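Hello,

Here is the structure I promised to pass on.

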Amino acid sequence: MTLTPFDPARTTKIIAVHLSYPSRAAQRGRTPAFASYFMKPTSSMAGTGGEIERPADTELLAFEGEIALVIGQTVRRVTAQEGWAAVSGVTAANDFGVYDLRLVDKGSNLRNKGGDGFTPIGPFVIDTDGIEQGAFRVRTWVNGELAQSDTSDTLLFGFGQVVSDLSQLLTLEPGDVILTGTPAGSSVVVPGDVVEVEVDAPQAPGSPSTGRLVTTVTQGTALLPPYSAPPQVDDDQRAEAWGSREAAGLPPAPAADETADAPDSAATHEPAGFELTPEWKAKINSVATATLSAQLRKRGLNNVSIDGLHSTKPDARLVGRARTLRYVPNREDLFAAHGEGYNAQKRVIDSLTPDDVLVMEARGEHGSGTIGDILALRAQVLGAAGIVTDGGLRDLAIVSGLDIPTYHGGAHPAVLGRRHVPWDIDLTIACGGAAVQPGDVIVGDADGLLVIPPPLVEEVVDAAIEQEQQELFIAERVEAGEAIEGLFPMNADWRARYLEWQKSR
């Protein structure tokens, strides 16, 4: 079986299939009825043993091991059978892409897949003479561990069909390359990772192989200019890049019926059966946190205070709904994968809505900042009610000058990565010794912070209002010279007088 080195000088165009393997379609949750394509510049080609640079300020560089077809003759408007006959060879390719750069060109893929070195091809080409188009296998390894393996007999769109389809629209020329799609298993790689792709035909005579196409990931340092669309990532992009929400460190997606009527992601965090209306905010603000704490204690809830924190606005009242963010202890490999770029911390900040309180679990670790002036300002601009962290706070003087109250464990100048990796959002966390769930009502002032479960808000607040009315009556009587005995707490006689006092007000 003839093997020849891949020659990029003959290639005038690179065409790639968007989605072609059933395993990948199942992962994406959609099966296309027709093949669709995009083009990559020939300047993106690279050989084996090269490096690919993950652009600065990005985090989601993903590999895609693929079988590449090398066209051997000029073809235009051919049949599927003629299309396969026009393929002179098959080789390995890696269709790298940066999901952070998809926002403005998803579909064309120029920005996220067209960079220099983003299309390694080779090292050898297998002569297709005498080999069936369903006989090829593609495998990908990351740092020596198998990540992808699939065969061309499973393809939604066979090789000959793809060549025929493309030839209806444009002329294919000798040396042109068609990337035929990637199977399941594509995921994110980070600087230092080594990715290897191999295509072979294990059942063909001689079991020909392209050899391994080896690429090492490095970190870029050049930032995009202000007029260039910046890197942006959301949870959907993370899940697609990593292959699943679980692999990306994201919580499971809400069930369809939970989000069907939601105008945006924040709507899914609204407490069931309770809406924090302006009227309810006013009622909550009319009573002290100490009174609310007493009413919670009467209902058996003693562990609902977030303890040990300082407020940048001790005279300001805080009322809002909890959004949650969890940090895990810094580990260098985890920070490289989850801490850089548009990480969980930045994503949750950008998703805040009016009346949200961002509550962060930092394990009581004060040895680095968990938020600073820019992100606190972003939360304020979005209308968030407050920020709570049991970790450190950077830029204390500037954050204290903002309108938004921030509760923190102490000031510290170090950046987040010294001690923390932002990990996941909108799940049950621990903060200052209290369990906090998304949608809990957070109330804070100079006395401290309370967590009120949504089903208890109306009952607790109404009881707190009544308690303070009673305490006002008692205070008036004490000021008038009455003894405490029988008045505090009120016996039946004093309660009757209190009811008369209420009627008179």
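One cut-off before the findings: a residue is called buried under 20% relative accessible area, exposed over 50%, and partly exposed in between. Ile-484 has a relative accessible area of 44%, so this residue is partly exposed. Keep in mind that this is a predicted model.

**The loop between H13 and H14**

Start with Ile-484. This residue sits in the loop that links helix H13 (457–479) to helix H14 (492–504). Together with Val-478 and Phe-488, Ile-484 makes a nonpolar surface patch of about 270 Å².

**Gln-295**

Next, go to helix H8 (residues 289–298), where you will find Gln-295. Is Gln-295 buried or exposed? Its relative accessible area is 5%, so Gln-295 is buried. Its side chain makes a polar contact with the side chain of Gln-467, at 2.6 Å. Leaving aside neighbours within four places in sequence, Gln-295 is in contact with Val-460, Ala-463, Ala-464 and Gln-467.

**Strands around S11**

Strand S11 (residues 124–127) pairs with strand S1 (residues 3–5). The two run antiparallel and are joined by 3 bridges. Thr-4 faces Val-125 of S11. S11 is also joined to strand S8 (residues 87–94), again antiparallel, by 2 bridges. There, Val-90 stands opposite Ile-126.

The peptide bond from Gly-122 to Pro-123 is cis, with omega near 0 degrees.

Ser-88 is worth a look while you are here. Its place is in S8. At a relative accessible area of 36%, Ser-88 is partly exposed. Which residues does Ser-88 touch, leaving aside its neighbours within four places in sequence? They are Val-70, Ile-71, Gly-72, Ile-126, Asp-127 and Thr-128. For a sense of distance, take Leu-318, which is 230 residues from Ser-88 along the chain. The C-alpha atoms of these two residues are separated by 70 Å.

**Strands around S17**

Strand S17 (residues 213–219) has partners in both senses. Strand S5 (residues 50–54) runs parallel to S17, with 5 bridges between them. Glu-51 has Thr-216 of S17 as its bridge partner. Strand S16 (residues 194–200) pairs with S17 in the antiparallel sense, over 4 bridges. Here Glu-196 is partnered by Val-214 of S17.

The loop between S16 and S17 holds Ser-207. Phi of Ser-207 is near 45 degrees, a positive value in a residue other than glycine. Ser-207 is partly exposed, with a relative accessible area of 40%.

**The open sheet S9-S6-S15**

How many strands form the open sheet with the order S9-S6-S15? There are 3, and the pairing is antiparallel. Strand S9 (97–98) and strand S15 (188–189) each have a single partner strand, so they stand at the edges and one side of each is left without a neighbour in the sheet. Strand S6 (residues 61–62) and S15 are paired over 2 bridges. Leu-61 is opposite Val-189 of S15.

Asn-109 counts as buried, at 6% relative accessibility.

**Helix H5**

Last, helix H5 (residues 235–242). This helix is mostly covered, with 6 of its 8 residues buried. Those buried residues are Gln-237, Arg-238, Ala-239, Glu-240, Ala-241 and Trp-242. What do they pack against? The list takes in strands S6 and S15, along with helix H1 (22–28), helix H9 (332–338) and helix H10 (344–350). After H5 comes Gly-243, whose phi is positive, near 105 degrees.

Best wishes

Notes:
Residues are numbered from 1 along each chain as its sequence is written. This is a predicted model: local features need pLDDT of at least 70, side-chain atom pairs count only at pLDDT 80 or more; totals for chains, interfaces and linings use all residues. Side-chain values use heavy atoms; hydrogens and water are left out. Two strands pair if DSSP finds at least two bridges between them. Buried means under 20% relative accessible area, exposed over 50%, partly exposed in between (1.4 Å probe, protein chains only). A polar contact is a pair of N or O atoms within 3.5 Å; within protein, one must be able to donate a hydrogen and the other to accept it, and residues adjacent in sequence count only if both atoms are side-chain atoms. Contact means heavy atoms within 4.5 Å. Patches are made of residues with over 30% relative accessible area and no salt bridge: like charges are joined within 9 Å, nonpolar side chains (Val, Leu, Ile, Met, Phe, Trp, Tyr) within 5 Å. Accessible areas come from the Shrake-Rupley method with a 1.4 Å probe; for residues, only the protein chains shown count as cover. A salt bridge is a side-chain nitrogen of Lys or Arg within 4 Å of a carboxyl oxygen of Asp or Glu.
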